[in-house]
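Let's take a friendly walk through this model, going from a strand to its sheet and then to a pair of helices.

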Amino acid sequence: MRINIAKRAPPGPATADGKTSSRYPFAVELPDSATVDELKAAIAKQVSSLQPDRQRLTFGEKKEALEPGSSLSKYGIKHGDTVFVKDLGPQIGWQTVFYIEYFGPIVFHFIVYNFQGLFYGQSFEHSDVQRRVYLLIMTHFIKRELETAFVHRFSHGTMPLINVFKNSFHYHMLSGLNLAYWVYGPSTGEGTPLAAKLSSPFLLALLTGIFLFAEASNLSTHITLRNLRPPGTRVRRVPHGYGFDLVSCPNYLFETIAWVAIAAMTRSLASVLFLVVSTGQMYLWAVKKHKQYKREFADYPKSRKAMIPYML
């Protein structure tokens with residue numbers, strides 16, 4: 001079948017003759033059973049700069065996005081129809097994005113913790129709570145790097161390169177530099193009244209236990225999600241098991257619990273700020289994923305919430 005490829009016209013004419021580009025529209029020939037991936041490959045042959053990862057394809061007046069791995073027939077696309085393409089710009093692999101996001105906090109916490117003179121203009125001994133928080137936060141982000149390397153399987157191969165700077169700010173600044181600066185400072189150093197209050201052995205043990213429970217549970221949910229998707233595929237299935245019987249995104253729930261433990265351990269406004277921002281963002285992601293599950297799977301468990309059991 002023949003599919004016409006065009007660009008949607010912008011609000012105003014892009015050129016004097018009203019055309020968005022002299023290259024468009026053009027047509028590609030595909031078998032009747034063609035998939036979105038085959039269509040993207042055919043477009044890339046016509047426009048060498050428009051590789052599949054850079055393409056966003058939509059169809060119809062509702063501008064329904066065509067998902068990789070789906071057949072064109074799923075969207076009712078037939079011979080002679082027009083599919084619209086958008087160039088998403090230079091791309092970067094999601095795995096690389098994760099490496100960059102999580103490496104920043106590792107660097108900032110290491111530097112601020114170990115080179116006090118650069119940030120505070122003095123040297124002092126760290127308190128028990130500072131040493132404990134440093135160990136736990138480094139454990140968290142090293143775990144995330146290892147998960148990126150050995151656990152995660154990504155449904156989307158790339159994202160626009162420009163987005164990596166926005167995504168990294170959240171981690172590098174809020175959970176990296178800002179959190180490290182206020183948590184490892186002299187106000188909670190060894191010998192201060194606040195350090196004595198926060199360094200209670202019982203409190204440290206309790207909150208450390210909660211943190212490690214949350215981190216282990218988070219890892220367990222990531223392994224469950226990994227096992228749902230065969231290598232090299234975009235297969236999606238309904239997850240079941242530990243955490244998933246209550247919420248659609250228990251990985252976000254357990255990560256929130258881990259940062260609640262850090263906030264309670266430090267009682268720092270910086271840790272509370274990161275907890276609020278990160279929890280809010282994860283909740284938005286969870287709601288989006290929850291809606292997607294319900295839309296995609298007719299038998300999706302109705303009792304599940306998005307992220308908070310029995311509530312949200």
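How many of the five residues of strand β3 (residues 55-59) are buried?

## Strand β3 and the ground rules

Four of the five residues in β3 are buried, so to speak mostly covered; buried means under 20% relative accessible area, exposed over 50% and partly exposed in between, with a 1.4 Å probe and protein chains only. Helices (H or I, at least four residues) and strands (E, at least two) are DSSP runs, numbered from the N terminus.

This is a predicted model, in which local features need pLDDT of at least 70 and side-chain atom pairs count only at pLDDT 80 or more, while totals for chains, interfaces and linings use all residues. Residues are numbered from 1 along each chain as its sequence is written, and side-chain values use heavy atoms, with hydrogens and water left out.

## Partners of β3

Two strands pair if DSSP finds at least two bridges between them. β3 runs antiparallel to strand β5 (residues 82-87), and five bridges join the two. Along this pairing, R56 stands opposite K86 and T58 stands opposite F84.

F59 has E64 as its bridge partner in β4. The two strands form a hairpin with four residues between them, and G60 in the turn has a positive phi of about 85°.

Zooming out, five strands make an open sheet with mixed pairing, in the order β2-β1-β5-β3-β4. β2 (26-29) and β4 are at the edges with a single partner strand each, so one side of each has no neighbour in the sheet.

Helix α1 (residues 36-46) packs on this sheet, touching β1 (2-6), β2, β3 and β5; contact means heavy atoms within 4.5 Å. The direction of α1 makes about 120° with that of β3.

## Helices α2 and α5

The axes of helix α2 (residues 94-114) and helix α5 (residues 163-183) come within 8 Å and cross at roughly 20°. That angle makes α2 roughly parallel to α5, a label for angles under 35 degrees. Axes are lines fitted to C-alpha atoms, for helices over the stretch in contact, and angles run from 0 to 180 degrees between N-to-C directions.

Residues in this contact include W94, F108 and V112 of α2, and Y171, M173 and L177 of α5. The contact residues divide into 14 nonpolar, seven polar and one charged; Ala, Val, Leu, Ile, Met, Phe, Trp, Tyr, Cys and Pro count as nonpolar, Asp, Glu, Lys and Arg as charged, and the others, Gly among them, as polar.

Conventions:
Parallel < 35°, antiparallel > 145°, perpendicular 65-115°, else oblique.
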